[in-house]
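Trainee: I have a new model open and would like to learn how to read it. Can we go through it feature by feature?

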Amino acid sequence: MTTEGAVKECDLRDPAPKKYEPISRALSQITGTVPTFPGAQSHRREETVLMSTPIPDRKVEVAPFQVTAALCTTTVLIGALVDGKPNYMTIAWCSPATHSPPSFMFACNKTHHTNKGIFANRNFSVNIPCVDQVQLLDYCGVHSGTEVDKAHLGHSFFGITRTAPMLARCPVCFECTLTHQLDLGVHFVIVGKVEKVWANEDIVERGPQGEAIDVTRLNPILFSFCGPSYRSLGPAHGTAWKTAGDYDPARDPAALATISPAPTPGAIPHPHPAPPKAPVDYPHVDLEKCLGCGNCVQGCPMSLFAQGGDGKAIFDTGRIPDCTHCHHCKEGCPVEAITFSV
Ligand SMILES: Cc1cc2nc3c(=O)[nH]c(=O)nc-3n(C[C@H](O)[C@H](O)[C@H](O)COP(=O)(O)O)c2cc1C
Ligand code: SF4
Ligand code: SF4
(Lines give C-alpha, C1' and ligand atoms only; values in the text may rest on other atoms or scores of the structure.)
(Ligands and ions follow the chains in the order given, each with its own letter.)
Protein backbone atom coordinates (compact mmCIF):
# COMPACT_ATOMS: atom_id res chain seq x y z
CA MET A 1 0.00 0.00 0.00
CA THR A 2 1.16 3.52 -0.68
CA THR A 3 0.26 6.69 1.15
CA GLU A 4 -0.11 10.28 -0.03
CA GLY A 5 3.29 11.85 -0.56
CA ALA A 6 5.10 8.50 -0.29
CA VAL A 7 7.19 7.06 -3.12
CA LYS A 8 4.79 5.12 -5.32
CA GLU A 9 5.78 2.20 -7.48
CA CYS A 10 4.01 0.21 -10.11
CA ASP A 11 5.13 -2.30 -12.70
CA LEU A 12 4.15 -1.59 -16.31
CA ARG A 13 6.56 -4.09 -17.86
CA ASP A 14 5.35 -5.61 -21.10
CA PRO A 15 5.79 -9.36 -20.54
CA ALA A 16 6.16 -10.03 -24.27
CA PRO A 17 7.91 -7.19 -26.11
CA LYS A 18 6.79 -7.16 -29.72
CA LYS A 19 9.00 -7.20 -32.77
CA TYR A 20 8.87 -4.01 -34.84
CA GLU A 21 6.97 -4.76 -38.04
CA PRO A 22 5.88 -1.97 -40.40
CA ILE A 23 2.17 -2.23 -41.18
CA SER A 24 1.07 -2.65 -44.75
CA ARG A 25 -0.37 0.34 -46.56
CA ALA A 26 -3.37 -1.72 -47.66
CA LEU A 27 -4.33 -2.39 -44.04
CA SER A 28 -3.83 1.17 -42.97
CA GLN A 29 -6.88 2.68 -44.67
CA ILE A 30 -9.29 4.06 -42.15
CA THR A 31 -12.90 4.83 -42.85
CA GLY A 32 -15.29 6.68 -40.64
CA THR A 33 -16.30 10.11 -39.57
CA VAL A 34 -14.74 12.57 -37.23
CA PRO A 35 -16.53 12.96 -33.90
CA THR A 36 -18.48 16.19 -34.07
CA PHE A 37 -17.61 19.22 -32.00
CA PRO A 38 -19.33 22.61 -31.71
CA GLY A 39 -19.06 24.61 -34.93
CA ALA A 40 -17.82 21.64 -36.98
CA GLN A 41 -21.03 20.87 -38.91
CA SER A 42 -20.24 23.07 -41.91
CA HIS A 43 -17.08 21.06 -42.63
CA ARG A 44 -18.55 17.55 -42.20
CA ARG A 45 -18.00 16.46 -45.85
CA GLU A 46 -14.30 17.38 -45.85
CA GLU A 47 -13.73 15.64 -42.54
CA THR A 48 -15.16 12.38 -43.89
CA VAL A 49 -12.90 12.64 -46.94
CA LEU A 50 -9.85 13.24 -44.77
CA MET A 51 -10.63 10.26 -42.53
CA SER A 52 -11.06 7.83 -45.44
CA THR A 53 -7.82 8.74 -47.16
CA PRO A 54 -5.09 6.07 -47.11
CA ILE A 55 -1.66 6.95 -45.78
CA PRO A 56 -0.27 9.44 -48.30
CA ASP A 57 2.35 8.18 -50.76
CA ARG A 58 5.10 10.42 -49.45
CA LYS A 59 4.70 9.31 -45.83
CA VAL A 60 7.05 6.46 -44.98
CA GLU A 61 6.82 4.47 -41.79
CA VAL A 62 9.81 4.59 -39.47
CA ALA A 63 10.57 2.60 -36.34
CA PRO A 64 8.73 3.65 -33.15
CA PHE A 65 11.95 4.31 -31.28
CA GLN A 66 12.67 7.16 -33.74
CA VAL A 67 10.79 9.26 -31.18
CA THR A 68 14.19 9.78 -29.60
CA ALA A 69 15.59 11.26 -32.82
CA ALA A 70 12.60 13.46 -33.55
CA LEU A 71 12.38 15.10 -30.14
CA CYS A 72 15.12 17.47 -29.01
CA THR A 73 15.22 17.83 -25.24
CA THR A 74 16.99 20.20 -22.89
CA THR A 75 19.75 18.09 -21.40
CA VAL A 76 20.46 18.35 -17.69
CA LEU A 77 22.77 17.06 -14.99
CA ILE A 78 20.95 15.28 -12.20
CA GLY A 79 22.84 15.56 -8.92
CA ALA A 80 22.61 13.40 -5.81
CA LEU A 81 24.76 12.71 -2.78
CA VAL A 82 26.02 9.13 -3.07
CA ASP A 83 27.84 7.76 -0.02
CA GLY A 84 28.53 11.32 1.11
CA LYS A 85 29.91 12.49 -2.27
CA PRO A 86 28.20 14.69 -4.89
CA ASN A 87 27.59 12.74 -8.13
CA TYR A 88 26.11 14.03 -11.37
CA MET A 89 24.66 12.16 -14.36
CA THR A 90 23.58 13.44 -17.77
CA ILE A 91 19.89 13.06 -18.49
CA ALA A 92 18.32 13.97 -21.81
CA TRP A 93 14.90 12.52 -21.02
CA CYS A 94 13.83 15.18 -18.52
CA SER A 95 10.72 17.31 -18.55
CA PRO A 96 8.59 19.53 -16.34
CA ALA A 97 5.77 17.34 -14.96
CA THR A 98 3.32 19.79 -13.36
CA HIS A 99 3.06 23.52 -12.65
CA SER A 100 1.56 23.10 -9.24
CA PRO A 101 3.42 21.91 -7.34
CA PRO A 102 6.30 22.70 -9.72
CA SER A 103 7.94 19.38 -10.53
CA PHE A 104 10.34 17.58 -12.82
CA MET A 105 10.29 14.05 -14.14
CA PHE A 106 13.05 12.13 -15.83
CA ALA A 107 13.69 8.64 -17.15
CA CYS A 108 16.66 7.02 -15.54
CA ASN A 109 18.27 3.67 -16.27
CA LYS A 110 18.10 1.52 -13.13
CA THR A 111 21.83 0.82 -13.18
CA HIS A 112 22.99 4.42 -12.65
CA HIS A 113 25.11 5.17 -9.61
CA THR A 114 23.26 8.46 -8.97
CA ASN A 115 20.05 6.53 -8.21
CA LYS A 116 21.61 5.26 -5.01
CA GLY A 117 21.79 8.82 -3.63
CA ILE A 118 18.34 9.78 -4.91
CA PHE A 119 16.66 6.89 -3.11
CA ALA A 120 18.80 7.13 0.04
CA ASN A 121 18.22 10.87 0.59
CA ARG A 122 14.87 11.11 -1.26
CA ASN A 123 16.06 14.20 -3.10
CA PHE A 124 18.10 15.28 -6.12
CA SER A 125 19.04 18.39 -8.09
CA VAL A 126 18.42 19.32 -11.73
CA ASN A 127 21.29 21.42 -13.06
CA ILE A 128 21.07 23.03 -16.50
CA PRO A 129 24.41 23.58 -18.23
CA CYS A 130 24.85 26.07 -21.09
CA VAL A 131 26.32 25.35 -24.53
CA ASP A 132 29.83 26.33 -23.35
CA GLN A 133 29.65 23.36 -20.95
CA VAL A 134 28.96 20.67 -23.53
CA GLN A 135 32.13 18.72 -22.67
CA LEU A 136 31.18 18.67 -18.99
CA LEU A 137 27.73 17.42 -19.94
CA ASP A 138 29.07 14.67 -22.17
CA TYR A 139 31.67 13.65 -19.55
CA CYS A 140 28.94 13.06 -16.97
CA GLY A 141 27.08 10.92 -19.50
CA VAL A 142 29.98 8.66 -20.47
CA HIS A 143 31.59 8.19 -17.05
CA SER A 144 29.80 6.60 -14.12
CA GLY A 145 30.44 7.61 -10.53
CA THR A 146 31.43 3.96 -10.02
CA GLU A 147 34.60 4.59 -12.09
CA VAL A 148 35.37 8.33 -11.66
CA ASP A 149 34.93 10.81 -8.83
CA LYS A 150 32.44 13.38 -10.13
CA ALA A 151 32.62 15.33 -6.85
CA HIS A 152 35.51 17.28 -8.43
CA LEU A 153 33.60 18.60 -11.43
CA GLY A 154 33.19 21.94 -9.68
CA HIS A 155 31.95 23.54 -6.49
CA SER A 156 28.83 21.82 -5.13
CA PHE A 157 26.45 23.74 -2.88
CA PHE A 158 23.43 22.70 -0.83
CA GLY A 159 20.12 24.48 -0.25
CA ILE A 160 17.15 23.66 1.94
CA THR A 161 17.22 19.93 1.22
CA ARG A 162 20.71 19.87 2.84
CA THR A 163 21.68 16.73 0.89
CA ALA A 164 20.88 17.43 -2.80
CA PRO A 165 24.18 18.76 -4.25
CA MET A 166 23.91 21.48 -6.89
CA LEU A 167 26.71 22.24 -9.33
CA ALA A 168 27.48 25.94 -8.91
CA ARG A 169 28.98 26.32 -12.39
CA CYS A 170 25.62 25.48 -14.01
CA PRO A 171 23.58 28.64 -14.67
CA VAL A 172 20.37 27.16 -13.19
CA CYS A 173 20.01 24.62 -10.38
CA PHE A 174 16.73 23.20 -9.07
CA GLU A 175 16.64 21.39 -5.75
CA CYS A 176 13.93 18.76 -5.63
CA THR A 177 12.45 16.25 -3.21
CA LEU A 178 11.57 12.81 -4.53
CA THR A 179 7.80 12.32 -4.80
CA HIS A 180 7.23 9.40 -7.21
CA GLN A 181 9.12 6.53 -8.73
CA LEU A 182 7.60 4.58 -11.61
CA ASP A 183 9.12 1.24 -12.60
CA LEU A 184 9.12 0.89 -16.41
CA GLY A 185 11.44 -2.12 -16.67
CA VAL A 186 14.87 -0.89 -17.83
CA HIS A 187 14.16 2.63 -16.59
CA PHE A 188 12.63 4.32 -13.59
CA VAL A 189 10.65 7.47 -14.19
CA ILE A 190 11.51 9.68 -11.25
CA VAL A 191 9.38 12.64 -10.27
CA GLY A 192 10.46 15.33 -7.84
CA LYS A 193 8.91 18.47 -6.42
CA VAL A 194 10.97 21.60 -6.98
CA GLU A 195 11.71 23.14 -3.57
CA LYS A 196 14.00 26.02 -4.63
CA VAL A 197 15.52 27.35 -7.84
CA TRP A 198 18.92 29.06 -7.95
CA ALA A 199 19.96 30.92 -11.10
CA ASN A 200 22.90 33.09 -12.14
CA GLU A 201 21.80 36.69 -11.77
CA ASP A 202 22.90 37.57 -15.31
CA ILE A 203 20.29 35.27 -16.86
CA VAL A 204 17.43 36.44 -14.62
CA GLU A 205 14.96 39.17 -15.57
CA ARG A 206 12.41 40.84 -13.38
CA GLY A 207 8.98 40.22 -14.98
CA PRO A 208 5.35 40.77 -13.97
CA GLN A 209 5.37 37.50 -12.02
CA GLY A 210 8.72 38.02 -10.30
CA GLU A 211 12.15 36.77 -11.33
CA ALA A 212 12.12 34.87 -14.62
CA ILE A 213 14.84 32.93 -16.42
CA ASP A 214 15.77 34.31 -19.84
CA VAL A 215 16.26 31.13 -21.87
CA THR A 216 18.16 32.96 -24.62
CA ARG A 217 20.81 34.03 -22.13
CA LEU A 218 20.76 30.62 -20.46
CA ASN A 219 21.46 29.01 -23.87
CA PRO A 220 20.84 25.39 -22.81
CA ILE A 221 22.11 22.30 -24.61
CA LEU A 222 19.55 20.34 -26.60
CA PHE A 223 20.09 16.68 -27.42
CA SER A 224 18.80 14.47 -30.20
CA PHE A 225 19.59 10.88 -31.10
CA CYS A 226 19.67 12.22 -34.67
CA GLY A 227 23.42 12.34 -35.11
CA PRO A 228 23.39 11.79 -32.10
CA SER A 229 24.06 15.45 -31.57
CA TYR A 230 24.11 18.35 -29.17
CA ARG A 231 22.33 21.44 -30.44
CA SER A 232 21.23 24.85 -29.27
CA LEU A 233 18.10 26.99 -29.46
CA GLY A 234 17.38 28.71 -32.76
CA PRO A 235 15.38 31.89 -33.33
CA ALA A 236 11.86 32.30 -31.90
CA HIS A 237 9.06 31.60 -34.39
CA GLY A 238 6.11 33.01 -32.50
CA THR A 239 4.66 33.89 -29.12
CA ALA A 240 3.10 30.88 -27.45
CA TRP A 241 -0.65 31.10 -26.78
CA LYS A 242 -0.82 34.20 -29.04
CA THR A 243 0.46 33.16 -32.44
CA ALA A 244 -2.74 31.26 -33.34
CA GLY A 245 -4.44 34.68 -33.42
CA ASP A 246 -7.47 34.50 -35.73
CA TYR A 247 -6.16 31.45 -37.62
CA ASP A 248 -9.05 29.61 -39.30
CA PRO A 249 -8.25 26.14 -40.68
CA ALA A 250 -11.30 26.36 -42.97
CA ARG A 251 -9.65 29.23 -44.85
CA ASP A 252 -6.19 27.64 -44.94
CA PRO A 253 -5.55 25.77 -48.24
CA ALA A 254 -2.63 23.96 -46.56
CA ALA A 255 -5.14 22.19 -44.26
CA LEU A 256 -6.07 19.92 -47.19
CA ALA A 257 -2.46 19.01 -48.00
CA THR A 258 -1.48 15.43 -47.24
CA ILE A 259 2.11 16.32 -46.44
CA SER A 260 3.75 19.23 -44.71
CA PRO A 261 5.89 21.58 -46.81
CA ALA A 262 9.60 20.79 -47.02
CA PRO A 263 11.70 22.95 -44.70
CA THR A 264 13.30 25.97 -46.31
CA PRO A 265 16.44 24.67 -48.08
CA GLY A 266 19.59 25.49 -46.16
CA ALA A 267 17.66 26.70 -43.12
CA ILE A 268 18.69 23.74 -41.01
CA PRO A 269 22.30 22.70 -41.66
CA HIS A 270 22.77 18.97 -41.14
CA PRO A 271 25.61 18.24 -38.72
CA HIS A 272 28.48 16.17 -40.05
CA PRO A 273 28.75 12.95 -38.04
CA ALA A 274 31.83 12.83 -35.84
CA PRO A 275 34.56 10.58 -37.28
CA PRO A 276 34.58 7.21 -35.50
CA LYS A 277 37.36 6.62 -33.00
CA ALA A 278 39.42 3.47 -33.60
CA PRO A 279 39.38 0.83 -32.28
CA VAL A 280 35.67 0.93 -31.50
CA ASP A 281 33.99 -1.72 -29.43
CA TYR A 282 30.52 -2.87 -30.34
CA PRO A 283 27.94 -5.41 -29.11
CA HIS A 284 28.41 -9.10 -29.80
CA VAL A 285 25.50 -11.50 -29.30
CA ASP A 286 26.09 -14.94 -27.84
CA LEU A 287 23.57 -16.87 -29.95
CA GLU A 288 23.74 -19.86 -27.61
CA LYS A 289 22.32 -17.69 -24.83
CA CYS A 290 19.99 -15.48 -26.91
CA LEU A 291 16.30 -16.15 -26.20
CA GLY A 292 15.03 -14.05 -29.09
CA CYS A 293 13.05 -11.81 -26.75
CA GLY A 294 13.69 -8.73 -28.94
CA ASN A 295 14.56 -6.40 -26.04
CA CYS A 296 17.75 -5.27 -27.78
CA VAL A 297 15.85 -4.63 -31.03
CA GLN A 298 13.33 -2.50 -29.18
CA GLY A 299 15.79 -0.79 -26.89
CA CYS A 300 18.46 0.31 -29.37
CA PRO A 301 17.85 4.00 -30.13
CA MET A 302 19.84 3.69 -33.36
CA SER A 303 17.96 0.60 -34.68
CA LEU A 304 21.17 -1.42 -34.88
CA PHE A 305 19.61 -4.78 -34.03
CA ALA A 306 17.23 -6.99 -35.98
CA GLN A 307 15.88 -10.49 -35.36
CA GLY A 308 16.75 -13.30 -37.72
CA GLY A 309 14.35 -15.99 -38.94
CA ASP A 310 14.93 -17.92 -35.71
CA GLY A 311 14.15 -14.76 -33.69
CA LYS A 312 17.73 -14.43 -32.47
CA ALA A 313 19.36 -11.02 -32.34
CA ILE A 314 21.61 -9.77 -35.14
CA PHE A 315 23.72 -6.64 -34.71
CA ASP A 316 24.28 -4.60 -37.89
CA THR A 317 28.09 -4.62 -38.12
CA GLY A 318 27.88 -2.33 -41.18
CA ARG A 319 26.77 0.46 -38.83
CA ILE A 320 29.26 0.12 -35.95
CA PRO A 321 30.06 3.89 -36.03
CA ASP A 322 26.37 4.63 -35.34
CA CYS A 323 26.51 2.86 -31.94
CA THR A 324 26.29 5.49 -29.18
CA HIS A 325 27.51 3.08 -26.47
CA CYS A 326 24.42 3.78 -24.40
CA HIS A 327 24.46 0.05 -23.46
CA HIS A 328 20.65 -0.14 -23.53
CA CYS A 329 20.97 -3.41 -25.49
CA LYS A 330 23.26 -5.00 -22.92
CA GLU A 331 21.30 -3.74 -19.92
CA GLY A 332 17.96 -4.88 -21.37
CA CYS A 333 19.14 -8.41 -22.17
CA PRO A 334 17.64 -10.83 -19.61
CA VAL A 335 20.32 -13.51 -20.14
CA GLU A 336 23.53 -11.43 -20.48
CA ALA A 337 23.91 -12.54 -24.09
CA ILE A 338 25.39 -9.19 -25.18
CA THR A 339 29.01 -8.25 -24.52
CA PHE A 340 31.11 -5.40 -25.91
CA SER A 341 34.47 -5.87 -27.60
CA VAL A 342 36.31 -4.60 -30.69
C1 LIG B 1 23.72 12.88 -24.06
C2 LIG B 1 23.40 11.86 -23.02
C3 LIG B 1 22.10 11.73 -22.57
C4 LIG B 1 21.77 10.78 -21.61
N5 LIG B 1 20.48 10.69 -21.19
C6 LIG B 1 20.14 9.72 -20.32
C7 LIG B 1 18.78 9.59 -19.92
O8 LIG B 1 17.90 10.36 -20.31
N9 LIG B 1 18.47 8.59 -19.05
C10 LIG B 1 19.43 7.72 -18.59
O11 LIG B 1 19.10 6.83 -17.81
N12 LIG B 1 20.72 7.83 -18.93
C13 LIG B 1 21.11 8.82 -19.79
N14 LIG B 1 22.41 8.95 -20.15
C15 LIG B 1 23.42 8.02 -19.59
C16 LIG B 1 23.96 8.44 -18.20
O17 LIG B 1 24.20 9.82 -18.11
C18 LIG B 1 25.30 7.71 -17.96
O19 LIG B 1 25.10 6.32 -17.98
C20 LIG B 1 26.02 8.15 -16.69
O21 LIG B 1 27.34 7.67 -16.75
C22 LIG B 1 25.39 7.67 -15.40
O23 LIG B 1 26.17 8.19 -14.34
P24 LIG B 1 26.22 7.54 -12.88
O25 LIG B 1 26.45 6.05 -13.04
O26 LIG B 1 27.39 8.23 -12.21
O27 LIG B 1 24.92 7.84 -12.22
C28 LIG B 1 22.78 9.92 -21.09
C29 LIG B 1 24.10 10.05 -21.53
C30 LIG B 1 24.41 11.02 -22.49
C31 LIG B 1 25.82 11.16 -22.97
S1 SF4 C 1 25.07 0.36 -27.12
FE2 SF4 C 1 23.56 -1.11 -27.90
S3 SF4 C 1 21.57 -0.07 -27.68
FE4 SF4 C 1 23.16 1.55 -27.53
S5 SF4 C 1 23.41 2.29 -29.64
FE6 SF4 C 1 24.93 0.67 -29.36
S7 SF4 C 1 23.93 -1.19 -30.12
FE8 SF4 C 1 22.32 0.33 -29.79
S1 SF4 D 1 20.45 -10.70 -27.32
FE2 SF4 D 1 19.40 -10.64 -25.33
S3 SF4 D 1 17.98 -8.92 -25.52
FE4 SF4 D 1 18.63 -9.42 -27.62
S5 SF4 D 1 17.06 -10.87 -28.35
FE6 SF4 D 1 18.72 -12.07 -27.47
S7 SF4 D 1 18.08 -12.49 -25.36
FE8 SF4 D 1 16.83 -10.76 -26.10
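This is a predicted model: local features need pLDDT of at least 70, side-chain atom pairs count only at pLDDT 80 or more; totals for chains, interfaces and linings use all residues.

Trainee: How many bridges join β9 to β10?

Mentor: There are 11, and the two strands run antiparallel. Then look at the turn. The hairpin of β9 and β10 has 3 residues between the strands, and Gly 185 there takes a positive phi near 100 degrees.

Trainee: How many bridges join β5 to β10?

Mentor: Count 7, again with the strands antiparallel; β10 spans residues 187–199. Phe 106 stands opposite Ile 190 in β10. Asn 109 has His 187 as its bridge partner in that strand.

Trainee: What about side chains along a strand?

Mentor: In a regular strand they alternate between the two faces of the sheet.

Trainee: Which residues of α4 are buried?

Mentor: First the general idea. An α-helix has 3.6 residues a turn, so residues three or four places apart point the same way. Now the case here. Leu 136, Leu 137 and Cys 140 are the buried residues of α4. They span an arc of only 100 degrees around the axis, which puts them on the same side of α4. These buried residues pack against β2 and β3.

Trainee: Which exposed residues does the face of α4 turned away from its buried side carry?

Mentor: That face carries Gln 135 and Val 142.

Trainee: On to the ligands. Which residues come nearest to ligand 1?

Mentor: List the shell, then ask which elements supply it. Ligand 1 has 21 residues around it, and His 113, Thr 114, Gly 141, Ser 144 and Gly 145 come nearest. The elements giving two or more residues to this shell are β3 (85–91), β5 (103–109) and α4 (134–142). β3 provides the largest share, 4 residues. So much for the sources; turn to residue class. The shell divides into 8 nonpolar, 12 polar and 1 charged.

Trainee: How many residues surround ligand 2, and which are the closest?

Mentor: The shell has 13 residues. The closest are Cys 300, Cys 323, Cys 326, His 328 and Cys 329. By class, 8 are nonpolar, 5 polar and none charged.

Trainee: Which residues come nearest to ligand 3?

Mentor: Cys 290, Cys 293, Cys 296, Ala 313 and Cys 333 come nearest, out of 14 residues around ligand 3. This shell has 10 nonpolar, 4 polar and no charged residues.

Trainee: Back to strands. In what order do the strands of the open sheet of 3 strands come?

Mentor: The order is β1-β13-β14, with antiparallel pairing. β1 (73–74) and β14 (229–231) stand at the edges with a single partner each, so one side of each has no neighbour in the sheet. β1 meets β13, residues 222–224, over 2 bridges. In that pairing, Thr 74 stands opposite Leu 222.

Trainee: How many residues does the hairpin between β11 and β12 pass through?

Mentor: The hairpin joins them through 2 residues. β11 (204–207) and β12 (210–213) pair in the antiparallel sense over 4 bridges. Arg 206 has Glu 211 in β12 as its bridge partner.

Trainee: Last, the whole chain. How many helices and strands does the protein have?

Mentor: The protein has 7 helices and 18 strands. Of its 342 residues, 24% are buried. For sequence range, take contacts between residues at least 6 apart: 65% of these join residues at least 24 apart.

Methods:
Residues are numbered from 1 along each chain as its sequence is written. Chains are lettered from A and ligands numbered from 1 in the order in which they are written. A residue is near a molecule or strand if its C-beta atom, placed from the backbone, lies within 6 Å of it. Ala, Val, Leu, Ile, Met, Phe, Trp, Tyr, Cys and Pro count as nonpolar, Asp, Glu, Lys and Arg as charged, and the others, Gly among them, as polar. Two strands pair if DSSP finds at least two bridges between them. A residue is buried if 20 or more other C-beta atoms lie within 10 Å of its own, exposed if 12 or fewer, and partly exposed in between; C-beta atoms are placed from the backbone. The arc is that of the directions from the helix axis to the C-beta atoms. Two residues are in contact if their C-beta atoms, placed from the backbone, lie within 7 Å.
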